[in-house]
Amino acid sequence: MKVLVGSMTAESNMLCPYEEQLEEFEIFYGDQMIDHMYSKDLFDAAGIELIPSIFASGGARGYVAKSAYDFILKHFTDAARAHKDEIDGVFFFLHGASHVVGLYGDSAEHDIVEKVREILGPDIPMAVCMDPHGNLSKRLCDMAQIIRTFRESPHFDRQEAHRITARMLIDLLQRPRHIETEYARVPMLIGGERCVSADEPLATINRKLNETEQEEGIMSACFHVGYAWADSPLCCAAVSVVPTEERYQEKAGRTAKALADYIFAKREEFHFTGYAQDPNAALAEAFETEKRPVFMTDAGDNVTAGALGHNTFMLKQFLERKDYCGKKVLIASIFDAPLCNYLLRFREGDHVAFTVGVGIDGDSGPVSLTGVIKAIGDHNSFYAFSRKIGDAVTVTVDGFDLDLTVTNKNNAYREVQQFKASGLDYTDYDIIVVKQGYLYTEEEKLAGLSIMSLTPGMTYQYTEELPYKTIFRPMFPVDKIFY
């Protein structure tokens, strides 16, 4: 047997003024593409050959340029056409929040699945692994027999979710039967920072999902949180349930509806995880606490949700403060490619004058500084396939116990290996500012205290205040009066 595999991921933020171009995607083909699906050994053990199409990872930025999407889509459809008569199944990883400029229906995920279905027909078994911060619809469920999301946020179970999805597809290929993914809408858009799996109510919801999967006839039950920083009729939370066999299809539908009602009944319980404060209170707490280190997230400039990492808002906060209480601060990082490339001309120990801030809006306004270059290093990616994706230069700012890291790639510091690659030791600092919303798992474990600073920016956390035009209304908490 043979299975077509492929992936496109992008988290497309409506507040980002730039379209995401093809060169901003990490793209892999062939064996490398297959490796990024985390499940080759499972298919090998089942005697199933994988047919690679494309792995295109766009991270989180603006809406995807149509030309970039057309290039990616062509690799999916070309592979499907070339192997049409050989393919027994399909295994895709599609984020769920990949919005494309000028694409009818808006969603890359829906379009990819639809175009591949047109080539392969309606009955070839298809399994789709998704990010819980993507959007699901009944239309997508009608086209894929199996849909599964990561369970955890942060997504430390990403690899395992791929493997669970792969096992379900292998089982369906080995024991063919007619099953469909059941869908239930949850009229809620809350954002990931109010929905973290270590916190309530998601911890309880996830236990409920795990218990549901132990019931007779239920193979998979998932909560799709949805993506809040896009304006599309698709943007919404949802539940997907996959039965083990056709005779449990009706039960799966009832289960999906019951889970959706269960989750929506908890809508008022969703809250900002951990210690979330307005920017001034967050800054004060970071200096007043005796805990160390303090990790602060610049939640309005969260590059893991589509912000650009340009904002100088928190840098200005620190520069306005005179008393650092004997504490050492690291801001890692600000994405300013022209400045980073300029600073690369110098050596460690050189004294430099520079202006940071690209000035595309008030939150990224320029700041003129002087300082000494402390470290020049690599800016690495994260998760299982960590590698250099850019450069990082860290400057100790004159007159302050403050180090500022400037990068030429937009990527958050989420793991210790990223700090090390940039020539930094996180243990040297009392306060570390990163461009995230909720703090990622490794840093959360290291933090004496984590503080989410509810800053302004492209990932402004109060989703009820965002300028939605086309979402399906009413929607909680945007239309809270209706609920």
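Biologist: Where does proline 477 lie?

Modeller: Proline 477 sits in the segment after strand E18 (449-453). Strands (E, at least two residues) and helices (H or I, at least four) are DSSP runs, numbered from the N terminus. Before we go on, this is a predicted model, where local features need pLDDT of at least 70 and side-chain atom pairs count only at pLDDT 80 or more, while totals for chains, interfaces and linings use all residues. Residues are numbered from 1 along each chain as its sequence is written, and side-chain values use heavy atoms, with hydrogens and water left out.

Biologist: Okay. And what is the peptide bond from phenylalanine 476 to proline 477, cis or trans?

Modeller: You read that from omega, and here the bond is cis, with omega near 0°. The bond from serine 153 to proline 154 is also cis, again with omega near 0°. You'll find proline 154 in the loop between strand E6 (146-149) and helix H6 (158-174).

Biologist: Staying with backbone angles, what is phi of tyrosine 38?

Modeller: Near 60°, which is a positive value in a residue other than glycine. Tyrosine 38 belongs to the loop between helix H1 (30-35) and helix H2 (40-45). Cysteine 325, not a glycine either, has a positive phi of about 55°. Look for cysteine 325 in the loop between H10 and strand E12 (329-335).

Biologist: Is tyrosine 38 buried or exposed?

Modeller: The label comes from relative accessible area: under 20% is buried, over 50% is exposed, and in between is partly exposed (1.4 Å probe, protein chains only). Tyrosine 38 has 11%, so it is buried. Cysteine 325 has 40%, so it is partly exposed.

Biologist: How many residues does the largest nonpolar core have?

Modeller: A nonpolar core is a set of buried Ala, Val, Leu, Ile, Met, Phe, Trp, Tyr and Cys residues joined through side-chain atoms within 4.5 Å. The largest one here has 39 residues, and those with the most contacts inside it are Leu4, Met8, Tyr69, Phe76, Phe92, Ile112 and Val116. Two or more residues come from each of strand E1 (2-12), strand E3 (49-61), helix H3 (66-82), strand E4 (89-94), helix H4 (108-120), strand E5 (126-130) and helix H5 (138-143). H3 gives the largest share of this core, seven residues. There is also a second, separate core of 33 residues, including Val294, Leu315, Ile331 and Val406.

Biologist: Which residues does phenylalanine 92 touch?

Modeller: Contact means heavy atoms within 4.5 Å. Not counting residues up to four places away in sequence, phenylalanine 92 touches Leu4, Val5, Gly6, Met37, Phe76, Ile112, Val116, Met126, Ala127, Val128 and Cys129.

Biologist: At what angle do H3 and H4 pack?

Modeller: Axes are lines fitted to C-alpha atoms, for helices over the stretch in contact, and angles run from 0 to 180 degrees between N-to-C directions. Under 35 degrees counts as roughly parallel, over 145 as roughly antiparallel, 65 to 115 as roughly perpendicular, and the rest as oblique. H3 and H4 pack at about 25°, with their axes 9 Å apart. That makes H3 roughly parallel to H4. On the H3 side you have Tyr69, Leu73, Phe76, Thr77, Ala80 and Arg81, which meet Ala108, Asp111, Ile112, Lys115, Val116, Ile119 and Leu120 in H4.

Biologist: And at roughly what angle do the axes of helix H9 and helix H10 cross?

Modeller: The axes of H9 (residues 279-288) and H10 (residues 313-320) cross at roughly 55° and come within 11 Å. H9 and H10 are therefore oblique to each other. Pro279, Asn280, Leu283 and Phe287 of H9 make the contact with Phe313, Gln317 and Phe318 of H10.

Biologist: Is threonine 255 buried or exposed?

Modeller: Buried, with a relative accessible area of 12%. Threonine 255 is part of helix H8 (residues 249-264). Its contacts, leaving aside neighbours within four places in sequence, are Thr212, Ile218 and Val241.
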